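Please read them with the structure open.

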Amino acid sequence: MHEHVFGHVDADCFYVSAERVRHSCLRGIPCGVLSNQGACVIAKSYELKAKGVTTAMPIWDAVPLCPDAVFAKRDFRWYEVLSRRMLDVLRERSPAVEYYSIDEMFFNATGWGNEDARRLQETILNVVGVPVSIGIAPTRTLAKLASDVHKPFGYFVAATEAERRQLIDGQPITEVTGIARRSARKLAKYGITTCDQFAAAYPPLIRKLLTVKGEQLLYELRGEPCIPIATKRATNKALARGGSLGGATNDPERVVGWVFRNAERLVEALDHHMVYCEKLTLSLRLKNKGGLSKRATLPKATANFRTIVNTASRLLDYCWPPFLRDQRVEYMHVIAERLQPRSCWQRGLFGSQPPNERIAAVKQAINDKIGRFALRTAATLPLVETYADDTNDYDVCDIYGKSCF
Amino acid sequence: MDGLAIQISDVPVAWHPMSTQRLFEREGSPELRFSFYERRPELPVIHNGEFRFLPWGNKTDAARVPKGGWCELEELEAGRWQWLKPQEVVIPANYGRQSGRWFLIDSAARGILVHDEHGHPYVYMLTEPASHYYEIMCRHQRMPVLIDQRI
């Protein structure tokens, strides 16, 4: 028996399954959950997938493929409720659980066999209402691979060498999390296209091609654990807030409105994680010009809204200068980097706390009492439709505690 | 919303025999479909606790009730339908359809029931300005007034 055994639970088409928990009429029919703006499919049922609909496909492309498909509006508050119920079920059964993402969890599965996996699947279905796939193996990577390739509602225990071989033999290398298309292309040049070929490769070659991270994956596929279960979330290297602008726009007031909205949300995240940032990046995607980004160093490590929004506004002038103002902006991210814990940070040599720190505290107190964004910066007023829809107040990144996105 | 569907299991059994022409299957799941673009469109309605199929709006010039199948909430609230003595009704549905796109309905839409000079009933679906989300999802500027739900 292996000293360490890793389990991986992955909810099958989670957002759709979550909608089916409260809307039984969606069971068995092709259905999808739409993105924040109501345009793109962010989750699809297996019935919808069978018709050729893919994730991120716009609804206007999906409907011709499946005219009977039913679409639901996303509701991350509800998805979080079910996600945490899943987490509770796991924590009752395992001494170490990693909340990896809203629909995936790793856990210590030492001593687990087929019957335990089956029973866990049944319990989650009964208690949470969501079907899950489960992988149990001597490493994280193998456990995740096992649950991924046994979807939907399957489980696989790779307890023996023969079972490990069975799991990886002939499996496309892109099935391994961490090996995306670009890495796969590099590997293909050396004739490595499957998991078993990758596991049998010469480690220094893999390190050369895919860095030490790739080498770790190689050992993991061989059944040698390199990546532990992280029961506590690792400290963030960066925090970002942003996304689609809800339709490309070159209206300066709207674009500035989004800078302020993203900055407000970023400051909330910095406060939540109790960190300050030293660097700030504004990243834009223009409709016909692609991505542009610019980074600035802040005068000192801070989470002060005024400092952050002023810096982000200045960066906007660099990324989207007057001669580009006819170009429409469709995506924006405000990213805080070089994060420092508030318990130990490098103070500036000059100046004291910025004068609007008290205003921020009052604003926070009001919003805590009345509701998020009840009191917000007037620059966000042009974003009427965003604030009119209260489901926009809560996004997947607002679900804290996950080790991945 | 120009069409809707209700699962057969949500329709009182007594109405099943009258529903055969409306019966469709969505991946094997039977449901009744209603479309305003039928010759004689109807809607499933709960009025005074009773489930019925009633004519959806008015498509003719003969009756002295507004043409069309929808009533704008703003107009109703401004009293412009008062002369018809509208009564509120519930339009139960599992899915709504607009411009060929089906979307989930939690329980029901709101509508009004009016009668013409001969006492014939007509049901109009209540609408309000579409939310940004609905407008993008359905490409339409008005959306149904749903019960305990806003898309």
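1. Strand β4 of chain A (70–73) pairs with strand β9 of chain B (residues 101–104) in the parallel sense, over two bridges. Strands here are DSSP runs of E of at least two residues, helices are runs of H or I of at least four residues, and both are numbered from the N terminus; two strands pair if DSSP finds at least two bridges between them. Within this pairing, Val70(A) has Trp102(B) of β9(B) as its bridge partner.

2. This is a predicted model, in which local features need pLDDT of at least 70 and side-chain atom pairs count only at pLDDT 80 or more, while totals for chains, interfaces and linings use all residues. Residues are numbered from 1 along each chain as its sequence is written, and chains are lettered from A and ligands numbered from 1 in the order in which they are written.

3. Between the two chains, 24 residues of chain A are in contact with 19 residues of chain B, a contact being two residues whose C-beta atoms, placed from the backbone, lie within 7 Å. On the side of chain A that touches chain B, the elements giving two or more residues are α3 (59–65), β4 (70–73) and α14 (384–388), and β4(A) gives the most, with four residues.

4. Chain B has two helices and twelve strands, which run from the N terminus as β-β-β-β-β-β-α-β-β-β-β-β-α-β. Its C-alpha trace spans about 45 × 40 × 30 Å along the principal axes. Of the contacts in chain B with a separation of 6 or more, 55% are accounted for by residues 24 or more positions apart.

5. Of the 151 residues of chain B, 36% count as buried, where buried requires 20 or more other C-beta atoms within 10 Å of the residue's own, with C-beta atoms placed from the backbone.

6. In helix α7 of chain A (residues 161–168), Arg164(A), Leu167(A) and Ile168(A) are buried. Seen down the axis of α7(A), the buried residues fall within an arc of 85 degrees, so they line one face of the helix; the arc is that of the directions from the helix axis to the C-beta atoms. Among the elements of chain A that cover these buried residues are α6 (140–149), β8 (155–157), α9 (195–199) and α10 (203–221). After α7(A) comes Gly170(A), whose phi is positive, near 75 degrees.

Key:
Buried ≥ 20, exposed ≤ 12 C-beta atoms within 10 Å, placed from the backbone.
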